[in-house]
Amino acid sequence: MNLFEARRLTVTLLHRHGLDAWKVEFSRAKTRAGACRHERRAIVLSAPLVTVMSEAEVVETVLHEVAHAMVGAQHAHDEVWRRTAQRIGATGRVSLHTSASPAHDWVGTCPRGHEAQRHRRPAHPMSCGECARRFDVTALVAWRYKGRDVPMTPAYRAEEAALLARTSA
Ligand SMILES: [Zn+2]
Ligand SMILES: [Zn+2]
């Protein structure tokens with residue numbers, strides 16, 4: 001879909017759901033088709049991915065992010081977000097399986113709702129790159145595997161426990 005049409009589509013969907021104060025931005029992201037920036041009220045679409053996506057894929061991406069905008073960052077991908085996403089016409093799935101972006105099995109979410117994606121199981125705890133430039137235990141990313149909560153490895157959990165203990169000490 002071309003970027004002009006993608007922008008127009010997004011503006012239309014924002015308007016339909018009462019989000020007239022929000023704007024559309026484009027990024028150069030290579031793995032993530034869409035993002036919701038609550039702090040500056042922007043839906044951010046990946047220019048390179050949108051360009052090679054079908055209209056249906058762009059609609060799904062935009063509705064996913066519009067649902068984030070409607071429910072607020074604190075809901076991340078919880079049930080409130082999922083029900084809203086489905087009510088406005090998205091699938092409510094977390095990772096988009098598009099021809100353009102190979103699905104990442106591991107999707108992480110920071111406390112403020114930013115997403116990180118990995119193809120392999122994360123070996124070490126990490127903090128959100130958007131919330132903190134350097135490692136910050138208050139911005140720890142929580143991982144899900146194929147949309148499900150799964151236990152991390154004992155080594156990962158030990159490392160995480162040590163990090164948390166060090167901060168509270
Ligand atoms: Zn999302
Ligand atoms: Zn974050």
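Let's start with contacts along the chain: in this predicted model, of the contacts in the protein chain with a separation of 6 or more, 46% are between residues 24 or more positions apart. Burial is another way to look at the fold, and here 43% of the 169 residues in the protein chain are buried.

What is the chain built from? The protein chain has five helices and six strands. If you'd rather think in terms of a box, the C-alpha atoms fill one of roughly 50 × 30 × 30 Å, taken along the principal axes.

**The sheet**

Now have a look at three of the strands. They form an open sheet in the order S5-S4-S6, and the pairing is antiparallel. S5 and S6 are the edge strands, each pairing on one side only. From one strand to the next, the twist averages 25°. Strands of a sheet pair through backbone hydrogen bonds, either parallel or antiparallel. Here, S4 and S6 pair in the antiparallel sense over four bridges. To find a spot where you can see this pairing, go to Val107, which stands opposite Arg144 in S6.

| Strand | Residues |
|---|---|
| S4 | 106-109 |
| S5 | 115-118 |
| S6 | 142-145 |

**Helix H4**

Next up is helix H4, which covers residues 79-87. Which of its residues are buried? Trp81, Thr84 and Ala85 are. Seen down the axis of H4, these buried residues fall within an arc of 100°, so they line one face of the helix.

What covers the buried residues of H4? Part of the answer is helix H3 (55-71), which is included in the cover.

Asp78 caps the N-terminal end, with a side-chain oxygen 3.0 Å from the backbone nitrogen of Val80. Just after H4 comes Gly89, which takes a positive phi of about 110°.

Conventions. Residues are numbered from 1 along each chain as its sequence is written. Chains are lettered from A and ligands numbered from 1 in the order in which they are written. This is a predicted model: local features need pLDDT of at least 70, side-chain atom pairs count only at pLDDT 80 or more; totals for chains, interfaces and linings use all residues. Side-chain values use heavy atoms; hydrogens and water are left out. Two strands pair if DSSP finds at least two bridges between them. Helices (H or I, at least four residues) and strands (E, at least two) are DSSP runs, numbered from the N terminus. Axes are lines fitted to C-alpha atoms, for helices over the stretch in contact, and angles run from 0 to 180 degrees between N-to-C directions. Buried means under 20% relative accessible area, exposed over 50%, partly exposed in between (1.4 Å probe, protein chains only). The arc is that of the directions from the helix axis to the C-beta atoms. Contact means heavy atoms within 4.5 Å. A polar contact is a pair of N or O atoms within 3.5 Å; within protein, one must be able to donate a hydrogen and the other to accept it, and residues adjacent in sequence count only if both atoms are side-chain atoms.
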